[in-house]
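Good morning, and thank you for making time for this presentation. Please look at the sequence and the model together while I speak.

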Amino acid sequence: MDQLSLVKKLSFGVGHVLNDLTASMWFSYLLIYLHRVVNFSNSLSGYVMLLGRVADAVSTVFVGFESDRTKSGFCNYGNRKSWHLFGVISVLLSFPFMFNLCIGCENSVEWARFIYYAPFVVIFQFGWAATQISHLALIPQLSHCENERVSLNAIRYAFTVTSNLFTYGITYLFFKINDSTDDSELSRKDAPKFMYLSIIVCTVGLIFQLIFHAGTDEKNSLSEEEIREKSSLFSNRAKLNWSGYLKSYRFYLVALLYMSTRLIVNMTQVYFPMYLTDSLELDKSSIALIPFISFLSGFLATFPQRRLKQNFGEYISYLIGSAIILMTCILFWKNSLIVDRKTTAIFSSIFLGFGNTIILCTSLTLTTDLIGSNTSSGAFVFGAMSFTDKLSNGLTVAVLQQFSPCEHPTSTCDCGNYYHSIMSFLPAICTFLSFISLSLLYANRKNHNEDNALLVNEESEENSSDQINYGTITNA
């Protein structure tokens with residue numbers, strides 16, 4: 001399975017569509033939905049997202065570890081696909097309730113409604129993590145070829161962008177059609193629109209998950225031994241298990257890079273709607289239209305991604321994406337730089353889409369390179385990366401919401417400057433962190449094999465005394 005057919009690539013690529021559709025609503029609309037529709041305070045809205053991110057982070061590590069330990073999955077269905085299927089079911093059973101008013105308690109006190117939403121949030125995040133980690137862990141198993149792995153990441157992200165475009169397009173239609181001109185702000189009466197949106201994205205997502213499970217054959221994926229025999233790229237690398245990765249300096253640098261990248265992508269997605277409505281004072285349809293433009297530009301950026309990597313390599317590619325993100329921050333800060341606020345927002349969304357696509361695809365490629373031929377530890381590595389991402393995202397949102405100047409949706413204070421500062425400075429700070437980790441990764445690249453060799457000697461002594469076959473580290 002050196003070269004995958006286009007059908008196989010596309011079948012794999014749609015395996016994350018349900019997660020992408022639901023994540024688009026979660027990141028873009030959960031805070032504004034809880035604050036403006038459910039009438040939660042800003043801080044409580046942040047705690048709901050923090051609960052979800054903590055549950056997701058813990059589930060990610062659990063799923064990553066257990067997925068690697070699972071041998072054949074449910075009824076020999078495959079360990080990755082079994083966890084993926086379990087995650088899909090969990091998402092479908094919980095997500096629609098999150099964007100629906102509390103059944104029988106929509107006018108209850110805040111803490112009672114928080115308790116109502118909490119179980120659905122936890123179940124959804126567990127299912128989301130199971131689907132994400134199992135899907136990512138399939139990439140190094142499906143092909144040993146580095147260019148094929150880049151292609152799989154690019155196709156996967158292309159469907160991510162397409163899913164976001166679909167979500168924003170449907171949302172725009174819901175809020176633009178049959179809305180009166182004097183009803184430009186979100187309120188409780190918009191609740192049915194969010195409910196129907198959640199049902200639509202779950203239905204569409206389910207269709208694509210069926211395509212993934214029908215078209216992706218995990219049983220024919222490559223084993224670690226086959227990858228090591230066929231790939232010159234990974235033939236000289238040590239075979240690492242989860243404990244070996246925890247002793248690797250490069251493992252933590254990639255985790256920092258991935259966390260910084262996800263903070264940029266997710267935080268701009270979370271706070272873009274508030275920036276548009278509160279800072280720029282645009283109508284509520286803009287929370288769908290302008291993010292739609294951003295993800296459309298991101299979709300276009302996936303096409304040259306493989307050539308960009310071939311011509312410049314991962315490190316220069318990431319720097320190019322970082323430079324575009326910094327340009328976007330300038331446009332967020334100078335929000336009337338191009339003609340007017342709306343025009344500037346459109347241009348900034350275009351730059352944001354290009355930059356996010358480049359840095360996210362590159363960070364995923366660096367993560368798959370870190371895994372190399374150690375496919376039995378692939379889920380653990382992706383789980384650890386996602387753990388840092390999700391926990392940092394949840395804590396960041398909780399802190400920012402706690403210090404928000406508008407504590408209640410009916411308050412009259414102006415939050416425009418607050419969200420203006422978040423969109424202008426937070427991505428820039430995260431870009432600086434990613435630059436530090438990228439520089440250290442580049443400086444460490446020549447010592448990577450030597451570090452692995454040291455781990456081989458240490459782990460070999462431990463495993464020879466314990467006589468444990470699972471996860472041993474040997475020289476290839």
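This is a predicted model: local features need pLDDT of at least 70, side-chain atom pairs count only at pLDDT 80 or more; totals for chains, interfaces and linings use all residues.

I begin with P273, which lies in helix α10; helices here are DSSP runs of H or I with at least four residues, strands are runs of E with at least two, and both are numbered from the N terminus. Residues are numbered from 1 along each chain as its sequence is written, and side-chain values use heavy atoms, with hydrogens and water left out.

Is P273 buried or exposed? P273 is buried, because its relative accessibility is 1%; buried means under 20% relative accessible area, exposed means over 50%, and partly exposed lies in between, with a 1.4 Å probe and protein chains only. Leaving aside neighbours within four places in sequence, P273 contacts S28, I32 and I287, where contact means heavy atoms within 4.5 Å. The C-alpha atoms of P273 and P291 are 8.3 Å apart, although 18 residues separate the two along the chain.

Next, S294, which has its place in helix α11. S294 also counts as buried, at 4% relative accessibility. Not counting residues up to four places away in sequence, S294 touches S349, L352 and G353.

I turn now to the core. The largest nonpolar core has 115 residues, and Y29, Y33, F95, F99, F194 and Y271 touch the most other members. Such a core is a set of buried Ala, Val, Leu, Ile, Met, Phe, Trp, Tyr and Cys residues joined through side-chain atoms within 4.5 Å. Helix α10 gives the most to this core, with 16 residues. Y29 touches S24, F99, Y168, T171, F194, I287 and A288, again not counting residues up to four places away in sequence.

Two helix pairs deserve attention. The axes of α2 and α7 come within 8 Å and cross at roughly 165°; axes are lines fitted to C-alpha atoms, for helices over the stretch in contact, and angles run from 0 to 180 degrees between N-to-C directions. That angle makes α2 roughly antiparallel to α7, a term for angles over 145 degrees, while under 35 is roughly parallel, 65 to 115 roughly perpendicular and the rest oblique. In this contact, V17, L18, L21, M25, Y29 and Y33 are among the residues meeting, on the α2 side, and F194 and L197 are among those on the α7 side. By class, the contact of α2 with α7 has 13 nonpolar, three polar and no charged residues. Here Ala, Val, Leu, Ile, Met, Phe, Trp, Tyr, Cys and Pro count as nonpolar, Asp, Glu, Lys and Arg as charged, and the others, Gly among them, as polar.

The second pair is α6 (residues 146-176) and α7 (residues 191-215), whose axes come within 11 Å and cross at roughly 150°. These two helices are therefore roughly antiparallel to each other. Residues making the contact include F166, I170 and F174 of α6 and F194, L197 and V201 of α7. This contact divides into 10 nonpolar, two polar and one charged residues.

Finally, the backbone. N39, in the loop between α2 (17-36) and α3 (42-69), has a phi near 70°, a positive value in a residue other than glycine. N39 is partly exposed, with a relative accessible area of 26%.
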